Protein chains: 2
Amino acid sequence: VTGRAATITGIYLVTDTRLCGGPLGVVETVRQAVRGGIAAVQVRDPRATTRQLVALCTAVRDALAGSRIPLVVNDRVDVALAVRADGVHLGQDDLPPQVARELLGPGAHIGFSVSNERELADALTLPAGTVDLLGVGPVRDTPSKTDAAPAMGFDGLAAVCQLSAVPCVAIGGVKQADLPAVRAAGAAGAAVVSAVCGHPDPRRATQELVLGWAAAVERSEGGSRR
Amino acid sequence: VTGRAATITGIYLVTDTRLCGGPLGVVETVRQAVRGGIAAVQVRDPRATTRQLVALCTAVRDALAGSRIPLVVNDRVDVALAVRADGVHLGQDDLPPQVARELLGPGAHIGFSVSNERELADALTLPAGTVDLLGVGPVRDTPSKTDAAPAMGFDGLAAVCQLSAVPCVAIGGVKQADLPAVRAAGAAGAAVVSAVCGHPDPRRATQELVLGWAAAVERSEGGSRR
């Protein structure tokens, strides 16, 4: 855990092994997303055995070597430690963030999912420095996560972003055309799964998202200056 | 991780949440098994979420408090660290034992499953001190683990015990009547699931296994002295 990844902003890839066509497809998708300008990569594979997840995260880590792009492991703090990832992303059913912070130390990135205002209220009770990022969603209904909560929409996203003390990234079915609304809601970035994984050209898909995000940021900053 | 549990011998309970009738049933089964003289407890619940597993292990840890009976967590090194368990038991699909040893430190108990001579040969290549115990089986076909390897029988158990540099516990459908054969095969103990979990009187079931094991040990020592 390198400590370089406390803040993640922009377009954040969350991998889906099935959508990518298997572990080798994940690694190739990550390579292409790096070429496309991805800000960070989270490896998520709840169906993998621990050893498969270690192998996948190790291969992704190697694909990211030298790029300074943070590697985040979904759920598994032990796997993050084993592969020397930059941090973890925790869901409401995973290890409590305070426990993960104790195990990973102050330099690690810890993201945490909230899907409604009650979960946000709980997250707001965490001591400062426990969580670096909130993953907020699903903004739209998403095919990538079958056990996801109901979609909160952009108004729901804005409500969470406004109350949160830490940066928020939107997740859940976020597409290119949504990026202005994501930015207008106050998010620091957008996490994408199916917009990149399984796309015929993941590099180009990533690049368009990155450019779309940059344009949305520029527009919102222009707007706030006016 | 307390370091008190490098060696586990005798009757070793592996919990099955479904057989015990849910998490509260696991905790009550553990309480009864403690009264029956159990040597160690491994919490195994591959269907639980991480947070459910943390809650279950915490409750079992509290049930074991003051007993000096080691608590071992199946698969999850992060959960073992989070609940300050005495160690982990790793399958072939879990974190590699060397990695777990690095994460848990020299004082933790690390058990490792082998189900055939090829897996044993691999385990024998691990540096000394990596693994404290081998779980060897399934000795018999077992209803508790649907993805288990084919039964190796007592001859297969004996072959592994003879080659292993660390103590072995037999696992997989082991019953009261099997204990003399388990001991004769050279095992240091027997892990039980369905012989205790779901039994109408887990205390008595444990006590009978413990007494049966003690008798088998005495007989084998008497035999070796003759």
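1. A:Cys197 is buried, at 3% relative accessible area (buried is under 20%, exposed over 50%, partly exposed in between, with a 1.4 Å probe and protein chains only). This is a predicted model, in which local features need pLDDT of at least 70 and side-chain atom pairs count only at pLDDT 80 or more, while totals for chains, interfaces and linings use all residues. Residues are numbered from 1 along each chain as its sequence is written, chains are lettered from A in the order in which they are written, and side-chain values use heavy atoms, without hydrogens and water.

2. Where does A:Cys197 lie? Look in the loop between β8 (189-192) and α8 (202-225) of chain A. Helices (H or I, at least four residues) and strands (E, at least two) are DSSP runs, numbered from the N terminus.

3. Setting aside neighbours within four places in sequence, A:Cys197 has several contacts, including A:Leu13, A:Asp16, A:Cys20 and A:Thr29. Contact means heavy atoms within 4.5 Å. A:Arg101 is 96 residues from A:Cys197 along the chain, and their C-alpha atoms are 29 Å apart.

4. How many disulfides are there over all chains? The search of the whole structure finds 0. A disulfide here is a pair of cysteine sulfur atoms within 2.5 Å. In general, it is a covalent bond between the sulfur atoms of two cysteines.

5. Two cysteines illustrate the result. The sulfur of B:Cys20 has its closest cysteine sulfur in B:Cys197, but 3.4 Å is too far for a bond. B:Cys20 is buried, at 12% relative accessibility. For A:Cys57, the closest cysteine sulfur is in A:Cys20, 13 Å away, again too far for a bond. A:Cys57 is buried as well, at 0%.

6. Now the interface. Here 21 residues of chain A are in contact with 21 residues of chain B. The two chains bury about 1,600 Å² between them, 60% of it on carbon and sulfur atoms. Buried area is the accessible area (1.4 Å probe) that two parts lose on being put together, summed over both.

7. The rule finds 4 salt bridges across this interface. A salt bridge puts a side-chain nitrogen of Lys or Arg within 4 Å of a carboxyl oxygen of Asp or Glu. B:Arg76 and A:Asp78 meet in a salt bridge through their side chains, at 4.0 Å from N to O.

8. Which elements give two or more residues to the side of chain A that touches chain B? They are α2 (50-64), α3 (77-83) and α4 (97-104) of chain A. α3(A) gives the most, with 5 residues.
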